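Hi there,

Here is the structure I promised to pass on. Have a look at it first, and then read on for my notes.

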Amino acid sequence: MASDEELKKARTVEARARNISHNVRCTECGSQSIEDSQADVAILLRKLIRDEVRAGKTDKEIYKKLGEDFGESVLYVPRFDLQTAALWLSPFLIAGTAAGAWAYRRYRQKTNVHIMALNLVRGVPLTPTEKETMLDLLKPPPSPRRRWWN
């Protein structure tokens, strides 16, 4: 019975160590995780992680130790702080800017159509560009094509 428990504990340690190793960048290779790398540094880091897991440390404690010893660049997922805020927030800033530009263009387009309509009512002549825009807006959509089987 004790051997089954020991085997289960060894598998748990191995699974945790592999999970952590997949999230740590090899300092020598740079583009591989230490789990995929065969560099000497990666082998030593994998051993260090397994020793830390066996010692009963949590994943957070192990990531923190690796970040302190080797720098934040060794972690694939850097923590959120003042230095990495731009990295984490840039997708939201880009999406927000794109949404704002889209909304502004839609607003301007509606505003221009309203202004053109008011100018027509007032008798103010339209510019050629305004005439073209107004004709495009007033043109009915094309009728759907009739198929021979309909």
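This is a predicted model: local features need pLDDT of at least 70, side-chain atom pairs count only at pLDDT 80 or more; totals for chains, interfaces and linings use all residues.

**Overall layout**

UniProt, in an unreviewed entry, lists residues 85–104 as "transmembrane region". In the model, that stretch is 100% helix and 0% strand, with 27 Å between its end C-alpha atoms.

**Salt bridges**

Side chains of opposite charge can pair when their charged atoms come close. The count here comes to 8 salt bridges, and three of them are described below.

Let's begin with glutamate 14 and arginine 18, whose side chains form a salt bridge at 3.1 Å, N to O. The two residues sit 4 residues apart in helix H1 (residues 2–22), so about one helical turn separates them. Glutamate 14 is partly exposed, at 27% relative accessibility, and arginine 18 is partly exposed too, at 41%.

Another salt bridge joins the side chains of aspartate 59 and arginine 16, at 2.7 Å, N to O. Because aspartate 59 belongs to helix H3 (residues 59–70) and arginine 16 to helix H1, this pair ties together parts that are 43 residues apart in sequence. Aspartate 59 is partly exposed, with a relative accessible area of 26%; arginine 16 is also partly exposed, at 27% relative accessibility.

In helix H2, arginine 54 and aspartate 51 are 3 residues apart, about one turn of the helix. They form a salt bridge in which the closest N and O atoms are 3.4 Å apart. Arginine 54 is exposed, with a relative accessible area of 54%, whereas aspartate 51 counts as partly exposed at 34% relative accessibility. Elsewhere, salt bridges that share partners join Glu14, Arg18, Glu35 and Arg50 into one network.

**A buried arginine**

Arginine 46 also lies in helix H2 (residues 40–54). Which side chain of opposite charge is nearest to arginine 46, and how far away is it? That side chain is glutamate 35, at 5.0 Å. A salt bridge needs a nitrogen and an oxygen within 4 Å, and arginine 46, although buried, has no salt bridge.

What arginine 46 does have is a polar side-chain atom 2.8 Å from the backbone oxygen of serine 37. Beyond its neighbours within four places in sequence, arginine 46 is in contact with Ser21, Ile34, Glu35, Ser37 and Gln38.

Best wishes

Terms used: Residues are numbered from 1 along each chain as its sequence is written. Side-chain values use heavy atoms; hydrogens and water are left out. Buried means under 20% relative accessible area, exposed over 50%, partly exposed in between (1.4 Å probe, protein chains only). Lys and Arg count as positive and Asp and Glu as negative; His and the chain ends are not counted. A polar contact is a pair of N or O atoms within 3.5 Å; within protein, one must be able to donate a hydrogen and the other to accept it, and residues adjacent in sequence count only if both atoms are side-chain atoms. Contact means heavy atoms within 4.5 Å. UniProt positions are given in the numbering used here, feature names are shortened, and annotations may be inferred rather than shown by experiment.
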